[in-house]
Amino acid sequence: MTTVLDVQRFKDEGRRFAMLTAYDFLSAKILDEAGIPVLLVGDSLGMVMLGHPTTLPATMDDMLHHAKAVARGARQALLVGDMPFMSYQVSTEQAIANAGRFIQEAGMHAVKLEGGGPVIEISRRLSEIGIPVMGHLGLTPQSVHTMGGFKVQGKTEAQAARILADAKALQDAGAFSIVLEGVPSQLAARVTNALRIPTIGIGAGPATDAQVLVLHDMLGLTTGKAAKFVKRYANLAEEITRAATSYADDIRDGKFPGPEHEYSANGSAPASPPVKQVGEEVKYGG
Ligand code: KIV
């Protein structure tokens, strides 16, 4: 199983690695079996799974529901639960209680928190009590209203210096890795070179120690114009449309179900190829 020590070793050995988001049992199982070493149950699920315009409405209940499913599907990956908006900002006690739920109830191995400033002290406390923390700096979607939109951060020297200082402070507070989102590549390189712990980039150029994408973006399940940093490795929205229309067409044309999909009462096959007989296991998903 991948641990926080492994991801540190990846950085020490100069091995770049992948992280992907996962929100459900089957995708977690597939990604885990594909050897993706780190799976993030991101609060992006508020957008891609639940249809909200931002990540802000995602709740602890939403996150735990999906995190539990991911933990049932994955065997090898390091599982990171994303602390949703207002699950850690109120007090350190609140942060500890909610982070603890990710570990104890949902089977996550670590949690991710957005931002520097007060979040650094919270990260220190979580690390001290044995909950590994992944930081998240730059474009932090939970601060969308403060940023005035989903905008690249760290373009001015003052902003860049702040992000670098927060990254170092998070490392000193015990964070085992930091996501750098939506920052200029030069800044991501500066932060990556300054840190002992791995950086994980999204829209942060090629210099980070690892990369992360939202699964639905990279599979082409999200449609329309993708953000500049997204690379689509498949076009599943098109594939699903094609499959769904073929299915509907087959039903209309009487082509589905065919004889091979039928059961018979007396065991005699109504047609070839062979049918599933009564008594045979009947279940979904396989
Ligand atoms: O919520 C999320 O999916 C994330 C990643 C994009 C880093 O925070």
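Trainee: What should I know before starting?

Mentor: Local features need pLDDT of at least 70 in this predicted model, side-chain atom pairs count only at pLDDT 80 or more, and totals for chains, interfaces and linings use all residues. Residues are numbered from 1 along each chain as its sequence is written, and side-chain values use heavy atoms, with hydrogens and water left out.

Trainee: Which residues surround the ligand?

Mentor: A residue is near a molecule if one of its heavy atoms lies within 4 Å of it. Here the ligand is surrounded by Thr-21, Leu-40, Gly-42, Asp-43, Ser-44, Asp-82, Lys-112, His-136, Val-179 and Ile-202.

Trainee: Where do polar side-chain atoms lie relative to an oxygen atom of the ligand?

Mentor: A polar contact is a pair of N or O atoms within 3.5 Å. For Ser-44, a polar side-chain atom is 2.5 Å from a ligand oxygen; for Asp-43 the distance is 2.9 Å, and for Lys-112 it is 3.0 Å. Of the 260 Å² of accessible area (Shrake-Rupley method, 1.4 Å probe) that the ligand has on its own, the protein covers 96%.

Trainee: Which residues does a cis peptide bond join?

Mentor: Phe-256 and Pro-257 are joined by one, with omega about 0 degrees. Pro-257 belongs to the segment after helix 11 (236–252).

Methods: Polar contact = N/O pair within 3.5 Å; in protein donor to acceptor, adjacent residues only side chain to side chain. Helix = DSSP H or I, 4+ residues; strand = E, 2+ residues; numbered from the N terminus.
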